[in-house]
Amino acid sequence: MMLEPSIDELQEKIKSKYTLVTLSARRAREMRHAKDMLIDNPKSHKLVGVALEEILAEKLFVQEDDSK
């Protein structure tokens, strides 16, 4: 069974697996309350999957801290 989107594709967008998991979990919680998806016709029926699809579509990303 192949999971979509693949971890390799996602890590091209966000390098850290920890950041990827944290971002998708937070976004899934947000969607559970607001029901506002950033993509049309997601393949996944689960909110974490939809969040991962949003990351792949570059609708959801992590802003780097430039204050360092």
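**How helices H2 and H3 meet**

Q: What makes up the contact between helices H2 and H3 in this predicted model?
A: On the H2 side are Leu-20, Leu-23, Ser-24, Arg-27, Ala-28, Met-31 and Arg-32, and they meet Leu-47, Val-48, Val-50, Ala-51, Leu-52, Glu-54 and Ile-55 of H3. Sorted by class, this contact has 10 nonpolar, one polar and three charged residues.

Q: Why is H2 called oblique to H3?
A: Let's start with the angle: the axes of H2 (residues 17-34) and H3 (residues 47-56) cross at roughly 120° and come within 8 Å. Roughly perpendicular covers 65 to 115 degrees and roughly antiparallel needs over 145, so an angle between those ranges is oblique. That is why H2 is oblique to H3.

Q: Which hand does the crossing of H2 and H3 have?
A: The crossing is right-handed.

Q: How do you know that H3 is mostly covered?
A: Buried means under 20% relative accessible area, and seven of the 10 residues of H3 are buried. They are Gly-49, Val-50, Ala-51, Leu-52, Glu-53, Glu-54 and Ile-55.

Q: What do the buried residues of H3 pack against?
A: Their partners are helix H1 (7-13) and H2.

Q: Which residues form the largest nonpolar core?
A: Leu-10, Ile-14, Leu-20, Leu-23, Leu-52, Ile-55 and Leu-60 form this core of seven residues. H2 and H3 are the elements that give two or more residues to this core. As for one of the members, Ile-14 touches Thr-19, Leu-20, Leu-23, Ile-55 and Val-62, leaving out residues up to four places away in sequence.

Q: Why is Arg-27 called buried?
A: Its relative accessible area is 4%, and the cut-off for buried is under 20%, so Arg-27 counts as buried. Arg-27 lies in H2. Beyond residues up to four places away in sequence, Arg-27 touches Asp-36, Met-37, Leu-38, Ala-51, Glu-54 and Leu-60.

Q: How do you know whether Met-31 is buried or exposed?
A: Met-31, in helix H2, has 1% relative accessibility and therefore counts as buried. Setting aside residues up to four places away in sequence, the contacts of Met-31 are Asp-36, Met-37, Leu-47, Val-50, Ala-51 and Glu-54.

Q: Why is Met-37 called partly exposed?
A: Met-37 has a relative accessibility of 43%. Partly exposed lies between the limits of under 20% for buried and over 50% for exposed, so Met-37 is partly exposed. Met-37 is in the loop between H2 and H3. Apart from neighbours within four places in sequence, Met-37 contacts Arg-27, Met-31, Pro-42, Val-50 and Glu-54.

Q: What makes Lys-35 an exposed residue?
A: At 64% relative accessibility, Lys-35 counts as exposed, because exposed means over 50%. Lys-35 is in the loop between H2 and H3, and Lys-35 has a positive phi of about 60° although it is not a glycine.

Q: And why is Asn-41 called exposed?
A: Its relative accessible area of 72% makes Asn-41 exposed, with over 50% as the cut-off. Asn-41 is also found in the loop between H2 and H3, and its phi is positive, near 50°.

Methods. Residues are numbered from 1 along each chain as its sequence is written. This is a predicted model: local features need pLDDT of at least 70, side-chain atom pairs count only at pLDDT 80 or more; totals for chains, interfaces and linings use all residues. Side-chain values use heavy atoms; hydrogens and water are left out. Axes are lines fitted to C-alpha atoms, for helices over the stretch in contact, and angles run from 0 to 180 degrees between N-to-C directions. Helices (H or I, at least four residues) and strands (E, at least two) are DSSP runs, numbered from the N terminus. Angles under 35 degrees count as roughly parallel, over 145 as roughly antiparallel, 65 to 115 as roughly perpendicular and the rest as oblique. A crossing is left-handed if the near helix is turned anticlockwise from the far one by less than a right angle, and right-handed if clockwise. Contact means heavy atoms within 4.5 Å. Ala, Val, Leu, Ile, Met, Phe, Trp, Tyr, Cys and Pro count as nonpolar, Asp, Glu, Lys and Arg as charged, and the others, Gly among them, as polar. Buried means under 20% relative accessible area, exposed over 50%, partly exposed in between (1.4 Å probe, protein chains only). A nonpolar core is a set of buried Ala, Val, Leu, Ile, Met, Phe, Trp, Tyr and Cys residues joined through side-chain atoms within 4.5 Å.
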